Amino acid sequence: MATSAGTTPSQGLHRRFKGCSKIGEYEMMRKLGEGTFGEVHQARHKVTGSIYALKKILMHNEKDGFPITALREIKLLKMLSHDNVLRLEEMAVERPKAEGRKRAILYMVTPYMDHDLSGLLDNPDVRFQEAQIKCYMLQLFKGLQYLHDSHILHRDMKAANLLINNRGRLQIADFGLARHYDEAVPQRGRGNGDAKREYTTLVVTRWYRPPELLLQLRRYTPAIDMWGAGCVFGEMFKRKPILAGQSDIHQAQIIFEMVGSPNETSMPGWDELPGAEPIRAFPPHTGNITQRFRELSPVGLSLMKDLMRLDWRKRINAIDAIDHPYFKEQPLPMREEDIPHFADSHELDRRNARGQKQALPPAPAGGTVGGGPNGEYTGSGPPPQGWQNGAGRYGGPQDRGPPGVDRAPRGGYDRRPPPYEHRPPPPPPPGEQRRPNWGNGTDRHNNSLPAPPPDGRHALPPVPRYGPNDGDRRRGPPAAGGGDVYIPSYGADGPRRSREPDDRAREDRPRHGSRDSGNSREGYTDERADRGRGYRDRDRDRGNDSRNFGRERRDGRTRSRSPDRRDRDRDRDRRGGGDRDTEVYRRR
Amino acid sequence: MQPSPLANPLATVAQLETPGSQLDRIPPDLEDSAHFAGARLTQAAGILLRLPQEVVAQAIVVFMRFWVGPEGGSLAEFGAEQVSAASLYLTTKLSAYPKSARSLINVYAYLASLPTTCIGLEQLKGKMPETCYFVTEGTYERRRTTLFTTEQRILRTLGFNVHVNLPYTLCITYLQALDIFTHPRAPELAKRAIAHLNTALLSPQFLYLTHQPPALATAAIYLAAREVGIKMPECEWWEVFDTDREELGFLCVGMLSLEGFAQGERDKWEGKKCPMSVEDMEAEVKRRREVDG
């Protein structure tokens, strides 16, 4: 909507639209992160001098055009405006210049945040005081309240997605998995309500995934984000993820060990959920949450228990969490401006601090990722082998993301590959060195290399139980390994890549029944009719003459548009009536 | 900043004064024709794809946004048809009713096989011989590439402002607020109001880009009430819906003028097609120049 909060007055009914700004308006400063997905840069706006983070969206040979996940994220972010939600300032475009590059590169421009919570907790120099934790949790709840009230489920709540700046501000980021929530929003004192519609269960990074999702509840509610907030709450005390399951089944197991086994009182209806079967075999637990969180006051513990409630209907909602007595007892939440500054915990700095550890070679396919059976792995050696659906990458000490999450040793901004940005970028300009491989699968970017074992995206068969129509044919999620029997693994694709298309497949398409009939991707062959020449084959019939159309008229124009047009025209001339396909491509 | 959920980003006067097409010396009447035909094409394709009107309307607004301003698309560079297809594709992708590129391309091939660019419901009911709209694999590949590149250009041109707030639900809400539904002929009024909103989508004046949904809904109700002959409150009721008299008057004139415009278009393009591609547009411009001497 309002594209640039900085320059556009955007109250009420007086809004304007303008196109993307040009990347030339920004001065690139340094790389904040890099990995499979491309890059995040810190940049200064040349006019205002403000500092931003620029996240590149790479698109190459996307099968369905502009990646839907990116589009959704951008659209959602454009509609949101809250102090505790990362703001999308605008989109910046880098027009194709070099011969080898055909399409524009788009950047998402967001305010620059100094840290992410995950990286901050990993920094041994940083100690949180309880008052500070309260301040962050309050901000998190306010952000969640806003999101849920705006009918949005974040669906990827975790420490790595919470950005923090040196002014004590916390913001929720990464809306690649978020979606519109079609139900009534949570009301004060009424938990998180009920959902009438079904959504895909293939969401939320495993370590932060609530029990109802592990049990395959399709009609989930904002309560799933609240569980994640509970995990983050605990993590701020423990400085490591509190529920680091090695597989989905193990995740369920450690959840029940902590909060007690599900029964008709603690989790009514759990028995009827599709994923309940393997749970029945678990030994009963009474839960050890009280012992585990001895550092918490009784009131703090009660908030923790409210957030980690098995019954998703009764789990506390964000509105009530904000009002929880925990935030009214001593020590009171710190004010944002009182929070101490931390040394930058950014990837490159952190990497330098860690010395040579970052240069580790990529793990073999199906390898492991940092973290231990119960999250106790501290990165002082290779982690234990044998996880079924890890990201297949060596994580290192900084890797606090769970398996299945592409998280290399890095700090803020470098969280994991967003779902879109997974295509190889254009070949580097001649003379440019290939980027170093940070053990994160960047090799894949080089087309000349063989299939990418480090990424783990090798030929695993799609999992048939992904739904009626073979689930995701585009990127079949690798089959789950031995111990991971009841919930399909995300496999090495990283959770979002394999989840999101399926999300669409399962949520968007089937439920529209007849509307979609004959028009779904599966149905198109039937739409084809007999042989014959299609309509004006404009691309084929186009000659040199027509390609120059409008060009001479544009000469001497006064408007400032389209340096790319000139380039295109030049290219066009140079190429003469060359390769038709390239020509068509280039034209548009 | 809390954006109003009822508001759309609007085009500025400067943007409306200098559309990309005119800077490329496309005659203004031809530009209007192409926008009108493109919007109708989008509507027709939406019907064939069995999309809800909500989605179609969003696609048309996206289509219209694309042409606005000096940085906007130009008909010398983009055909109305390709932009229509990409707008619809983009909008369905974000909606609850995603359509495959294949479906889009097939539907547009079918519509292109029709003998006219003034596509009405009659044309959609008839059946064309299947040989007219067959898409070969090669053609499909090329059109898909075009579709995707155009899609990206639209996103860039719009600065990703693809969200569109529509006046339809507001219109119903306003009717309820006016207590119209107690009237026996209220359904007729509501139908007319919705029809005006649908028609306004096609306006070469870009009514949806110059006025906010509340004003559009109010004007549609005002016109519909006059046509159906239902008496509205004596007071200036439109003020309640954020619309002043001047804006209401402007919109009413704009909406009413569409009928004449559409008739004119039908006469103008009778027996031929409005240029919907860059090549056709070029040929038409050339032809006119020759005619003019």
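B:K93 is buried at 4% relative accessibility, where buried means under 20% relative accessible area, exposed over 50% and partly exposed in between, with a 1.4 Å probe and protein chains only. B:K93 belongs to helix α5 of chain B, residues 80-94; helices (H or I, at least four residues) and strands (E, at least two) are DSSP runs numbered from the N terminus. The side chain of B:K93 reaches across to chain A, where the backbone oxygen of A:F66 lies at 2.4 Å. A polar contact is a pair of N or O atoms within 3.5 Å; within protein, one must be able to donate a hydrogen and the other to accept it, and residues adjacent in sequence count only if both atoms are side-chain atoms.

The structure is a predicted model, in which local features need pLDDT of at least 70 and side-chain atom pairs count only at pLDDT 80 or more, while totals for chains, interfaces and linings use all residues. Residues are numbered from 1 along each chain as its sequence is written, chains are lettered from A and ligands numbered from 1 in the order in which they are written, and side-chain values use heavy atoms, with hydrogens and water left out.

**Confidence in chain A**

The average pLDDT of chain A is 66, and 52% of its residues score at least 70; pLDDT is the predictor's confidence in each residue, from 0 to 100. Residues 1-16 of chain A are one of them, with 44 contacts beyond four places in sequence, a contact being heavy atoms within 4.5 Å. Residues 354-588 of chain A also stay under 50, and the model has 595 such contacts for them. Where pLDDT is low, the predicted coordinates should not be read in detail.

**Chain B**

Chain B contains 14 helices and zero strands. Of its 293 residues, 64% are buried. Among contacts in chain B with a separation of 6 or more, 79% are between residues 24 or more positions apart.

Helix α12 of chain B, residues 213-228, has 16 residues and spans 22 Å from its first C-alpha to its last, close to the 22 Å expected at 1.5 Å a residue. The expected span is 1.5 Å times one less than the number of residues. Because 13 of its 16 residues are buried, α12(B) is largely enclosed by the rest of the structure. Just after α12(B), B:G229 has a positive phi of about 80 degrees.

**Rings and charges**

Over all chains, the whole structure has 21 aromatic pairs. B:F66 and B:W67 form an edge-to-face pair, 5.0 Å centre to centre with 75 degrees between the planes. Rings of Phe, Tyr and Trp (its six-membered ring) pair if their centres lie within 6.5 Å; planes under 30 degrees apart count as stacked, over 60 as edge-to-face and the rest as tilted. B:F66 is buried at 0% relative accessibility, and B:W67 is buried with a relative accessible area of 0%. B:W237 and B:F241 also make an edge-to-face pair, at 6.1 Å centre to centre and 70 degrees. B:W237 is buried at 3% and B:F241 at 7%.

In chain A, ring pairs join A:F141, A:F233, A:F237, A:Y326 and A:F327 into a cluster. A:K134 lies over the face of A:Y326, 4.3 Å from the ring centre. In chain B, the charged end of B:R102 sits over the ring of B:Y140 at 3.7 Å from its centre. A charge sits over a ring if NZ of Lys or CZ of Arg is within 6 Å of the ring centre and within 35 degrees of the ring normal.

**Backbone and loops of chain A**

A cis peptide bond joins A:Q330 and A:P331, with omega about -5 degrees. A:P331 lies in the loop between α10 (318-322) and α11 (347-354) of chain A.

A:P333 is in the loop between α10 and α11 of chain A and is partly exposed, with a relative accessible area of 21%. Beyond its neighbours within four places in sequence, A:P333 contacts A:A131, A:K134, A:C135, A:L138 and A:F327. A:P333 and A:L138 are 195 residues apart in sequence, with their C-alpha atoms 8.1 Å apart.
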